Structure formats: structure tokens, C-alpha cells
Amino acid sequence: MSQKDRETANVGAGLWKGAGMWAWLFHRVSGVALALYLFAHIWVISRGAATGAEGFNTMFETLESPLFIVLDLFLLAAVVYHALNGIRVLLFDLGVAIRQQKTLFWAVIAISVVVMAVFAYISLSFIASHGA
Amino acid sequence: MPEATFRIKRHNPEKLDDQNGTGDDRYDDFTVPYESSLTVLEGLFYIQENLDGSLSFRYCCRAAVCGSCAMYINGTYRLACQTNVRHLDDGPITVEPMPHMPVVKDLVCDMTDFFAKYETVMPHIIRNSAPPEKEIIQSPEDRKKLDMPVDCILCGSCYSSCPSVWGEGNYLGPAALLKAYRFEVDSRDEARKERLPRFDNERGSYRCHTITNCVEACPKELNPTEAIQWLKGAAVRRRLLGRAK
Amino acid sequence: MRQGVIEENAGGMWLWLLQRLTAVVLIVGLAVHIVATHVLNLGELSYDNVAGRLAMPLFVVVDFALLGAGIFHALNGLRMVLLDYGFSGRSKTMLSWGLFVFGVAAFGYGAWALWPWLTA
């Protein structure tokens, strides 16, 4: 790195261009959301024990409405990002690729987008076929 | 002759008791002429000598070795002494004290907590065996492990940039943990139980969430995150696998 | 720094390690869970559909692993977030115990929720 490069490397960069802070913030927000979802999920499943087969099936008809399927997509986005960035963090914990953290962050984003596109296609065609 | 505009954040502790109680916080603009090159620190000298003698800032070595003049210049952590005005973007040069730190006056931050935490990790070689007759030999390979951490000049940039430090006043922070790493990897250090509990706790290495702001901030281009991850691994190796280091 | 801060915050390695281990369990388990529930059985969710899956021992193991690992990972994660914002001394102890009790209760409730399918 030349002297000029060294002096100008961070010009105007601020911390947010480091990607690591975005990765951490998304991880934290998605993590808190998933924690809250987990307990909602346990409650939903417990309706089987509480209300029996009929109540359970009625509830699932509501949960298969387009609104909840779109919410499911947000849920999946949180799961996929949190899992992939979690793998990124696990690598850091093994002492691997800490200096490649930005590249890994963009890889996490890219894979998340692809997975989300696939699931968006599946769920939108599901909504289309059941709405008709 | 080219001129540079310095936009400097001011804070006056004597004005804290005034009616508005803000310490008279404001930005002052100063125009500094220069010939061929000028560092930000030299610009601050010019302002102090010719334009406003009340401007306060820390400095010492002027050669990026002492770590006294770390400031927030154009939104980035920099050492004022190694930042050349020619290489900054056009327009006014914004000079602020390091964010998220208590300010003593103008550009001077209160480093009391920072150095108290630094001392917590026992930043010195610990020997348990009898002292040798001559110097303690260290192989070139072992010395190489110290290349990264010894360059830390304790300027506080990483500490100021870390979100874990912002939220939790007792967290040791990247600089102190990097220093712990520097002595833990030193082949001459014989600490077994002395230093470990000081960094391996919930206000030590486990408060690091690998955010890597410290890496972005470090003016010496060190990697405190890598050091802290090594410390977490070292705790597992020593507590679980019974390794000496 | 005060010796008290060090003593009060001693440890942390086990929770850190378990957070990593449960992360691995969750990544593998959730992949199985999501594919089996939402890809292979798209639009088929019902009481009997769940019963069909839970008749297989593999899914009993996966579901209980997900329940346990999920609750631990979620509550320890929340604790990790909250500890970044100044919990210390008494409030830290209460936070830890509160989350522990809540976690045990949630696991018990989750096991009860799965019970009708397991005993069917």
C-alpha cells in the first residue's frame, strides 16, 4: 500500500462502509425477531394439544391465507440471513477468514437473495393456484 | 498559496454551568494557508498560534508513534499527524474528537476508562520461573507472532468505534484485548492463571460480536477482531483441553 | 478495573460454546424442518399431516432437538443482546435466572404441545 493509498483508504468511509456493522445489526434484529417468533410458533403448535384436531385444522386454514404466506417470506428471510451470517460468524470463531469478512458478507447477501427468490416464486405460485 | 478550511468541533467545560448547559458546543471555521503540504496536526498548530489560542488538542510525537492525536477527521478515525490535507477530499476539513468518548475540552477525550481497562489485562510479561542469567531468548518465528499486536499505539480509535463499548461501560474493548493477545502469544510470557480470567469473562472477550469496526477504525491497520477470536479459542484450549497456552 | 467486575462476570466460555453448538444443530435441523414441512408438504399442513411426520422417530428427534436448541439459542441470544446495554450486579443475576426459568417452562410447554401426536 502506497503512502497516498494509506492516507486516502478511509476517506469519507465512516464505519458503515465496513459492512461488518451492517452484518451485525441485521443479525441482531433478525435474531430478536426469530426469538419472538419461536415462542409464537410453540404456542401455535400447542393449539393441537389444547383444541384437538379440528381447532388445529381451522387455525391452519387462516395461516394459509395470502397475508400469512407473505409474512412467512419475511420470516424465511430472517432465518436464511441469520443462518448464513451465523456460518460467517462460526468461521470467525474458528479463526478462519476474519480478514475476508466483507467478501463473506456480500456472499451471505447474494445467497440470501437467491434463496428468497426461489421461495418467493414457490409461495406466489401457491397463492395464485389457491386464490383462483 | 492554497488554503484549507478547518471546521473544528468545540466544547468548553467551563461553559457547562451556563444557562444552556451545553458547554458552548459549536463548530468553528478557520482558514489555514499552506505551501506544499500540511498535516491536520500542523493546521491545528497554526490555528492555535495565529487564530485562536484557546483551541485544545492532544499531540506528542508527530510521527504516528505515540497515539495521542487520534481524532475523527472527515468522518473517519485518523491520526492528525499522519493525515495530509492534500489527500483529503475538497471542501472543509471536519475535525471532531473521537465519538462516543467523554470530551474534556475541544478535541481532547477523557481516556481514564480506556487506560484503566488496559491495565486490567496485565499488559506486561509475567514470569514464574527463575530469571535467566542473560536475556530471554526468543526465536525469529516466535517474534513474528508479535508483529501485528506490537504496532498498537493505544490511540483509542478502535475503542471509540466499538458498538459493544458504546452500550456497556465495563467491556474491556478491542485495544485492551489486543494487548492481552500481544502478551498471551509472547513465547517469553509464562502466565497461566493470572491473565486468563481477566480477559476471558463476560465483560471481556465474549462481549466481542465480531463487528470489525475496530479493524475499520485502526489507523495502524491492525486487526483486533482476529486477536479477540484467538483469545476465545485460547480459553477453550486452556480450560477444556488443558493446554498451557 | 475493579476486581469486582471481573468476579461478577467470570465465565462465559460455556454459554459462548453452547451458543455455537446449538447454532449448528439449528442450521441442520431447520433445513430438514423447513424442507419437510414447507417444500415437500406444500399446502398440506394439517393435524394428520403433522401426525404422519411425527410417526417417524427421525422427526421426533429433529423436533425435540429444535425445541431445546431453539429455546437455548433464542434466550441466550437475547441475554447476549441485553448484556450489551448495562445489565450488571443484581439486574444481571435476575435476568439470567428469569431467562432460565422461562426457558425451562417453554421447553415443558413445547413438549406438552407435541404430546398428542407422540401418544397417538
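How far apart do the C-alpha centres of domain 1 of chain B and domain 2 of chain B lie? They lie 30 Å apart.

## Getting started

This is a predicted model, in which local features need pLDDT of at least 70, side-chain atom pairs count only at pLDDT 80 or more, and totals for chains, interfaces and linings use all residues. Residues are numbered from 1 along each chain as its sequence is written, while chains are lettered from A and ligands numbered from 1 in the order in which they are written.

The predictor gives the complex an ipTM of 0.91 and a pTM of 0.91. For chain C, the average pLDDT (the predictor's confidence in each residue, from 0 to 100) is 91, and 98% of the residues score at least 70. Within chain C, helix 1 has the lowest confidence, with a mean of 83, and helix 4 (residues 57-83) has the highest, at 96. Helices (H or I, at least four residues) and strands (E, at least two) are DSSP runs, numbered from the N terminus.

## The two domains of chain B

Chain B is assigned domain 1 (3-109) and domain 2 (112-239); such bounds come from an automatic or database domain assignment. Where they meet, 12 residues of domain 1 of chain B and 10 residues of domain 2 of chain B take part in the contact. Two residues are in contact if their C-beta atoms, placed from the backbone, lie within 7 Å.

On the side of domain 1 of chain B that touches domain 2 of chain B, strand 4 of chain B has the largest share, 3 residues. That side divides into 9 nonpolar, 2 polar and 1 charged. Here Ala, Val, Leu, Ile, Met, Phe, Trp, Tyr, Cys and Pro count as nonpolar, Asp, Glu, Lys and Arg as charged, and the others, Gly among them, as polar.

## A strand with neighbours on both sides

Take a look at strand 3 (residues 70-73) of chain B. B:Ala70 and B:Tyr72 point one way, B:Met71 and B:Ile73 point the other way, and all are buried. Buried means that 20 or more other C-beta atoms lie within 10 Å of a residue's own; exposed means 12 or fewer, and partly exposed is in between, with C-beta atoms placed from the backbone.

Strand 3 of chain B runs antiparallel to strand 4 (residues 76-79) of chain B, joined by 4 bridges; strands pair if DSSP finds at least two bridges between them. B:Tyr72 stands opposite B:Tyr77. These two strands form a hairpin with 2 residues between them, and B:Asn74 in the turn has a positive phi of about 50°. Strand 3 of chain B also pairs with strand 5 (residues 93-96) of chain B, antiparallel over 2 bridges, where B:Ile73 has B:Val95 as its bridge partner.

## Nonpolar cores

A nonpolar core is a set of buried Ala, Val, Leu, Ile, Met, Phe, Trp, Tyr and Cys residues joined through C-beta atoms within 7 Å. The largest has 61 residues, and B:Met71 is among those that touch the most other members. At least three of its residues come from each of domain 1 and domain 2 of chain B. A second, separate core of 23 residues includes A:Leu84 and C:Phe72.

## Chains A and C

Chain A has 4 helices and 0 strands, and 23% of its 132 residues are buried.

Chain C meets chain B through 15 residues from chain C and 19 residues from chain B. Helix 2 of chain C gives the most to its side, with 3 residues.
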